Amino acid sequence: MPEASSSRPGAAAASAPFHLSDLDPARMVLDGFADSCLDPRRPVTSLSPGEHLASNPALFTSGGSWPRDVWADTALGVWIDGSMAETKTPLDLLDLCSMTCNTVLGINDPWVKLKQTAFLLSSHPHYLPARIGSGLYYRTARRILRCLDRFGEPGDFVINLRQCNGSDAVELALHAAWKAAADSPARRRLATFDGSYHGESVVGSLVMQDHSAEGSGRALLDHVDNATSFPSPTCDEAGYLTPQALATLATLERDGDSYFAVLIEPVQWRNSVHAIPLEFLRKLRDICTRKSICLIFDEVQNAFGYAGTIFFAQHCGVCPDIIATGKALTSGHGALGIVVAKKEFSAIETPFGGKTNSGDMLSFVAVDAVMDRLLGIDPDEAETLPAWLPPGLAADLRTGLLTTAYPVVAGLLDGLVTDLQRRFPSLLGPATGLGLLRGLTMLDADGRPSGRLAGQAAKICMRHGVYVRRAGTAVYLKPSLALRPADVDTALIRLSRTFDELCRLREEGPPS
Ligand SMILES: Cc1ncc(COP(=O)(O)O)c(C=O)c1O
């Protein structure tokens with residue numbers, strides 16, 4: 001656990017994370033399970049982590065699906081307790097990347113688990129095909145759509161809740177845009193941007209132009225003729241759009257009638273966490289409106305809390321025609337992707353539109369609970385919160401973490417980034433991103449951004465007990481709202497150890 005007690009001013013606005021099992025009613029249920037095969041303390045298998053790891057090649061495909069050497073036993077908030085599987089060295093890992101950008105509330109959020117537990121103990125169906133309705137489905141849809149009320153009249157947007165993940169959602173958004181352009185045969189082109197990532201679907205990986213730059217290999221097909229990837233839009237040092245960004249806008253203005261959609265990721269995480277300039281988004285919106293091009297925001301990384309709002313569109317004030325999102329929707333308590341679209345883009349051609357496993361009701365319970373946490377619960381429901389709920393959690397639920405915790409955590413992260421830049425001026429370049437989506441650019445000995453060093457940093461961080469990811473030439477920091485001042489003090493110590501080591505390695509030069 002943390003090496004330092006907090007020296008930072010101001011307490012985190014969220015109540016301290018705690019395990020659901022600490023609550024009396026949960027304890028009663030767990031007591032009933034004790035010493036039976038349902039006892040959660042029983043080991044799941046008789047093999048050690050090292051023995052499991054040794055069976056990887058016999059069990060799993062390679063690539064992303066293999067468990068690696070870090071083993072998790074328990075976790076709470078931003079902390080994971082476990083070991084290094086091979087050496088059995090104990091490990092306490094500080095999660096600064098919300099478990100690969102999913103768990104916006106931290107790990108094992110008690111409220112989401114409590115709502116899911118209540119649902120599991122009920123006789124509601126745990127799964128439903130699209131052919132069969134339920135109140136929960138409608139509640140979730142209305143609640144999400146309400147977030148976009150400021151962009152028009154209630155009813156202007158519709159939703160598809162039947163996708164399993166972000167890749168599905170992006171692909172469905174493209175289907176909807178394509179279908180809406182069916183009567184305009186000249187509109188066959190799709191505009192995307194270098195440096196974006198749109199998931200693992202065939203379409204997503206095809207339009208991702210720099211796939212191989214990350215060492216991820218080739219997509220299934222070599223190229224598509226009707227997708228144009230424009231340079232990632234940037235500003236010059238004075239804050240004005242670069243001539244290149246203006247040229248992209250001019251091209252879309254000129255050739256707009258041949259485009260059915262523009263797909264853009266407002267903060268491109270793989271592009272070293274580059275935030276697309278707001279001015280570009282505004283101008284792009286204007287062109288898409290005038291030229292009747294469908295503007296799609298891929299908000300799979302950017303939505304549900306990380307920019308302080310449910311949708312990134314609310315954060316930037318620019319409303320696309322379609323939003324595709326996934327990841328943090330359930331804060332890691334179930335797989336779900338959604339598409340929100342203006343009514344003009346509501347038509348989806350069969351057989352697209354409903355993935356089988358999207359009927360998992362626990363995922364809908366999770367979205368509802370995540371929205372309780374982020375926005376606060378309905379005042380009528382607040383009156384009926386159980387008396388045994390810890391007062392801190394009840395207070396959080398009355399206000400919503402986006403109002404209380406978000407500005408505190410964003411400020412803590414900002415302070416961490418500034419401290420690190422001050423300590424390592426030759427290693428760390430400009431900070432990128434915004435809100436809780438931040439990148440620390442890693443510089444080589446000649447002061448150039450280096451993807452190799454960013455990859456090395458992510459690996460070394462793990463050894464020093466911090467989980468971050470590489471994002472292009474940056475180290476990606478995307479903490480959850482459970483981050484507290486003492487955690488940031490620990491992060492500073494551990495990241496400093498990592499960067500000290502990296503500075504030494506950089507001096508030695510790359511292995512020959
Ligand atoms: C911007 C973006 N779009 C789409 C996806 C695909 O989402 P998923 O992995 O849930 O399919 C991701 C995943 O990281 C993403 O970051």
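The following questions and answers go through how terms are applied to this predicted model.

User: What makes threonine 330 count as buried?

Analyst: Buried means under 20% relative accessible area. Threonine 330 has 0% relative accessibility, so it counts as buried. The residue sits in the loop between strand S11 (322-325) and strand S12 (337-342). Leaving aside residues up to four places away in sequence, threonine 330 touches Leu336, Ser363, Ala366, Val367 and Val370.

User: Is serine 292 buried or exposed, and how do you know?

Analyst: The cut-off for exposed is over 50%. At 52% relative accessibility, serine 292 is therefore classed as exposed. Serine 292 belongs to the loop between helix H10 (278-290) and strand S10 (294-298). Its phi is near 55 degrees, a positive value in a residue other than glycine.

User: Which other residue has a positive phi near 60 degrees, and where does it lie?

Analyst: That is asparagine 108, also a residue other than glycine. Asparagine 108 is found in the loop between helix H4 (98-101) and H5.

User: Why is leucine 128 called buried?

Analyst: Leucine 128 has a relative accessible area of 8%, and buried means under 20%. The value is below the cut-off, so leucine 128 is buried. Leucine 128 is placed in the loop between H5 and helix H6 (135-146). With residues up to four places away in sequence not counted, leucine 128 touches Gly133, Ser134, Arg162, Gly359 and Met361. Leucine 128 and glutamate 279 are 151 residues apart along the chain, and their C-alpha atoms are separated by 43 Å.

User: What makes H12 and H14 roughly perpendicular?

Analyst: The axes of H12 and helix H14 (residues 391-399) cross at roughly 85 degrees, coming within 5 Å. Angles from 65 to 115 count as roughly perpendicular, and H12 and H14 are therefore described that way. In this pairing, Asp372, Arg373 and Leu375 of H12 meet Leu393, Asp396, Leu397 and Thr399 of H14.

User: Which residues touch the most other members of the largest nonpolar core?

Analyst: They are Leu96, Phe311, Met442, Leu481 and Phe499, in a core of 131 residues. Helix H12 (residues 361-375) supplies the largest share of this core, 10 residues.

User: Why is this core said to lie between domain 1 and domain 2?

Analyst: Both domain 1 (20-111 + 404-508) and domain 2 (134-359) give residues to the core, so it lies between them. Another core, of 21 residues, lies apart from it, with Ala181, Phe260, Ala261 and Ile296 among its members.

User: What does phenylalanine 311 touch?

Analyst: Not counting residues up to four places away in sequence, the neighbours of phenylalanine 311 include Ile144, Cys147, Leu148, Ile323 and Val340.

User: How many residues of domain 1 are in contact with domain 2?

Analyst: There are 27 residues of domain 1 in contact with 21 residues of domain 2. The C-alpha centres of the two domains, domain 1 and domain 2, lie 28 Å apart.

User: What kind of peptide bond joins threonine 350 and proline 351?

Analyst: The bond is cis, with omega about 10 degrees. Proline 351 is located in the loop between S12 and H12.

Terms used
Residues numbered from 1 in each chain as written. Predicted model: local features only at pLDDT ≥ 70, side-chain atom pairs only at ≥ 80, totals over all residues. Heavy atoms only, no water. Core = buried A, V, L, I, M, F, W, Y, C linked by side-chain atoms within 4.5 Å. Buried < 20%, exposed > 50% of the residue type's maximum accessible area, 1.4 Å probe, protein only. Helix = DSSP H or I, 4+ residues; strand = E, 2+ residues; numbered from the N terminus. Domains from an automatic or database assignment. Contact = heavy atoms within 4.5 Å. Axes fitted to C-alpha atoms, helices over the stretch in contact; angles between N-to-C directions. Parallel < 35°, antiparallel > 145°, perpendicular 65-115°, else oblique.
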